[in-house]
Amino acid sequence: MSAAATATDVPLPARKKRFNRNEVLAALIFVLPFVVVYAVLFIYPTLQMIWLSFHKAPLIGPGTFIGFDNYVKLFKDKLFGVAFWNTVYFVLLTVVPATLTALAIAVGVNRLKGWMQSLILACFFIPYILPVSVVFRVWGWMFDSQFGILQPLIALVAGDNVPVFRTLPLFMPTVAFITVWWTIGFNILLFIAGLRNISPEIYEAAALDGTSKWRQFTRITWPLIWPVTVLVLTIQLIAQFKIFDQVYLFGNGGRSDATMGLVQLIYRSAFQKNNGGYGATVAVVLFLIIVVFSVLQFQMLRARGEK
Amino acid sequence: MMKSFLKMALLSTALLMPAVAQAQEVVTWWDFLGGGDGVRMKALLEKFNAEHAGKIEIQATTLEWGTPFYTKVQTSAAIGEGPDVMTYHLSRLPLGVSSGALSEITTDELTAAGLSGADFAESNWKAAQVDGKQYAVPFDIHSVVLYYNKDKLAAAGLIGDNGLPTGLDGVDNFKAALQKLKDGGSEYGISIHSAAGDSQWRIFYSLLGQQDGQFLDADGNFLSGDNLDKAVKATSVVADWVKDGLAPAATEYPASIALFTGGKAPLHINGVWEVPTMTDLSAKGELGFEWGAIALPTFFDHPATWADSHAFAIPNRVGNEVSAEKRAAVLQVIAWMNKNSLAWADAGHIPAYSPVRDSEEFKTKQPNATYSILADTAVFDPSSVLAGVASPVYDAAGNYLMPAVNGEIDPQSAMEQMRDDLQGQVE
Amino acid sequence: MADIRLVNVSKHFGQVRVIENVSMTIGSGEFMVFLGPSGCGKSTLLRMIAGLEDIDGGEIHIGDRRVDELPPAERGVAMVFQNYALYPHMTVRENMSFGLQNIRTPKQEIAKRVAAAAKTLELEHLIDRKPGQLSGGQRQRVAIGRAIVRDPKAFLFDEPLSNLDAGLRARTRIEFAQLHQRLKTTMIFVTHDQIEAMTLADRIVVMNNRKIEQIGTPMEIYSRPASRFVAAFVGSPSMNFLPVQQLSDRDGKAVIRLPDNSEILTGIASSRLPSDGQVTFGIRPESVKVSANGAVSGKADVVERLGERTLAYVRLADNSVVIAEDEGQSRINVGDQVKLDFDGASSHLFDSRDVAYSAG
């Protein structure tokens, strides 16, 4: 168009920064409760945990300083290796499948209208509000090797009833599947929020641009909800690294050494065997693993999204 | 404003304090007794409070069974905020004492409350000691028993003239009986909770005891010498049942009971704590057959059955010790519970307190009386910080014994791995 | 370039009718403006032409093709949305290329067209920015660029100026006129702003309440409104409406008597008027002059000095108010008694069904 328009199209000058003392004070007052709670309930225990990891100590009470002995022991501990790989395996089985499935369902649900959408969304979300004990009972009974309603189906494939939670190769995939079923509602919700943030006009523009459904998804929807995807992946990664409840419940009484995750190793060391120092050591290592993985993942994914 | 409020608060506190002190001793009580056990304990607690109105009042809280309970006990003991008295598994006592959670109970205190070691079975009383010191008072002996479907057993000719099962002693005999029952149209000969280590441990430990096998010897070695062979033998007995389809593989706890109550398996090994389940089902007419329970048959040299005890223990209260009066009240509670433990037998348990066990009322109480021989033939879990409820030994049972029973690992190799694992955990 | 024909088009959302039997023809190369208040159905009509809304009845033709069953992309139209609807994650270049890539235009061709559009719209220095880094006016030019590169048979603009501030809006309006002169493509422009409509349109479609009130050139719409609604909606300040006491005839032309008993000779043939005599008199402020010789008198309630002219809100004897015009250097003050001279020849009459009658 003409040059006349460009003259006013200069972006607004950056607002001058100004702080007065009252604002700073107000900000401090608002931030303070969080900082205090965060320091007392997170920073302090974390430091204590790190300190404890250098001790041979019971769960409660004083111990003796032993330097890095716990860490040396940890890297020689066969169980730690098993727990680490089980955790990584579980993360692989859940994080990406849960995210992709949630995205697919969200895209589907988003196409529905009115009460139908609410109903279907509720169906997918209800498992999320169940406590883990209920999830355990429900699936435990469905898969029960004697009376489970899924066993006739399994018998069709396998020829006989299969005690899936007592069959090592099936254990993690089954628990991972149940976890995805259980927690996917929240991810769907996040994706739907992301999808609803995309203006319908964008899709109309795409329709006028002659975009095929597939290209619309890959070139418009997917890039536009990429930030949500990164968020979901990161939340999932952190949550699944901390896997405990389901694996503990389904594995309880069974070959728990073979199915154990890192948090379970912490629990067993600190709470069951009263070895607080060693439990703290595993916890510190898990903490570092999660920090490294999540920061790496977040940075990598964000970098990709920014391209 | 603030001042007058404080004054009022102080005043009212001052007025209330003597009233509380004069009224009664409040005894804080923790237990882990849910389900049918819990109902019966609640009745006992109410009875106690009614009888001691104005003198002692028990304020009871029920917590989650197993590791959560013991973790809470330990952490609260460390900061002096635990209960005044609590239920405790005798098998768990060594770990409790080693972590400093338990307070010693002196002979004088026991005598003052009218209790003495002579009132309990010796093995039971000893199981409540660590290094010769008393840390608990047994309340019951609970064990595993053989539940049976009398109709099916009678049809297979396995009921004797005395109306009790017969012909089940000996490994081969028992297996033959199972085969006979299965041939008679039952899905399984016997139902066992084969998906978990704890239930398998109870059977295994009974069979090991019947051979005088020692799981942990006096030198702190697991399955030393020929104990390993005995353990392999014990494991093989159950593994054979599963292998030959006489017992269900990898079956969960509720399913294992349902197989029995549903008539699909005429025999079932489970804890005495399931007696109320059978009694209730039978009373409601939902069982569909006549049931009974006997002590485990003698598979090897002599009768022996794994047993544990619910006991009473007093937690340490570091920096917050209780008064002598309160401690006396606690001992009174313990003594009263034992003397009234006949009601507790309704939960399937055998009272630990011999005068009750020897009473006429108990001797006619069925099926308890039938299997009360357990009290004399009981083998308690090894006394070790690695043993007991929710202990590394239980975990090891899940890791090695359970898969061996289900045919995933050869019994010989399973027992060797179990031995090495536990030995490796000795510090 | 193509003409667009609508034949008896109608549309309803559930029970609510949003378009009723609309027919019109937009000539090839014509700049057509849909004008009306919000909710009148003008945007819906535009979206129906674009294919973003289905029609429930009638036909739409673009060029020699019937398009109402075709998906939007196959209708050969390009649309600029009110909020521009740029793809926020794509650069200006990608925004403009996307539609062409969809139809597998060769890369070189895309580059050529995008470069040409960017040059025309002075977007070259912004070509690798994302919409979030652009001002409102720049975004709008990108949206237009995205439409231009597709070389459509017709452009559809849905209130494209409404998100700009007043000064920018006026300038951009001129640019739209220049754009049309240069491209000579059929354009449909939806607005609720009568000044945009008057200044841009070859013809205006005035819509109200789901229906077309009038189609005509801006001056036709202004000077010969078809209905009281059109008369009132177009023109600022709005047309004066006064009740008519008595209708009579002088030499075939209608004479009306206002409530204050003054009589005005109109240029409207009496024979065309309804026989019931129920009419309303309408006259634009510029046809009511403050004049010492005026036949009607009243008191000035409000005086608005606009510089080149002055508007006086004059209360007549019967309390009705008439907006009159005076010269820029008017000496009237509030409260003054003034005389008004009505130019009856350019007045309008409206019957009880709000149908308009104009002189000539």
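Select domain 1 and domain 2 of chain C, whose C-alpha centres lie 39 Å apart; domain 1 covers 4-226 and domain 2 covers 240-358, with bounds that come from an automatic or database domain assignment. This is a predicted model, in which local features need pLDDT of at least 70 and side-chain atom pairs count only at pLDDT 80 or more, while totals for chains, interfaces and linings use all residues. Residues are numbered from 1 along each chain as its sequence is written, and chains are lettered from A and ligands numbered from 1 in the order in which they are written.

Next, show chains A and C together: of the two pairs of chains that touch, this pair has the most contacts, a contact being two residues whose C-beta atoms, placed from the backbone, lie within 7 Å. Chain C gives 28 residues to the contact and chain A gives 23 residues. On the side of chain C, colour strand 6 (77-80), helix 2 (92-102), helix 4 (136-148) and helix 5 (166-183), the elements that each give two or more residues; helices (H or I, at least four residues) and strands (E, at least two) are DSSP runs, numbered from the N terminus. Helix 5 of chain C supplies the largest share, five residues.

By residue type, this side of chain C divides into 15 nonpolar, nine polar and four charged residues, where Ala, Val, Leu, Ile, Met, Phe, Trp, Tyr, Cys and Pro count as nonpolar, Asp, Glu, Lys and Arg as charged, and the others, Gly among them, as polar.

Finally, turn to chain B, which does not touch chain C, their nearest C-alpha atoms being 51 Å apart.
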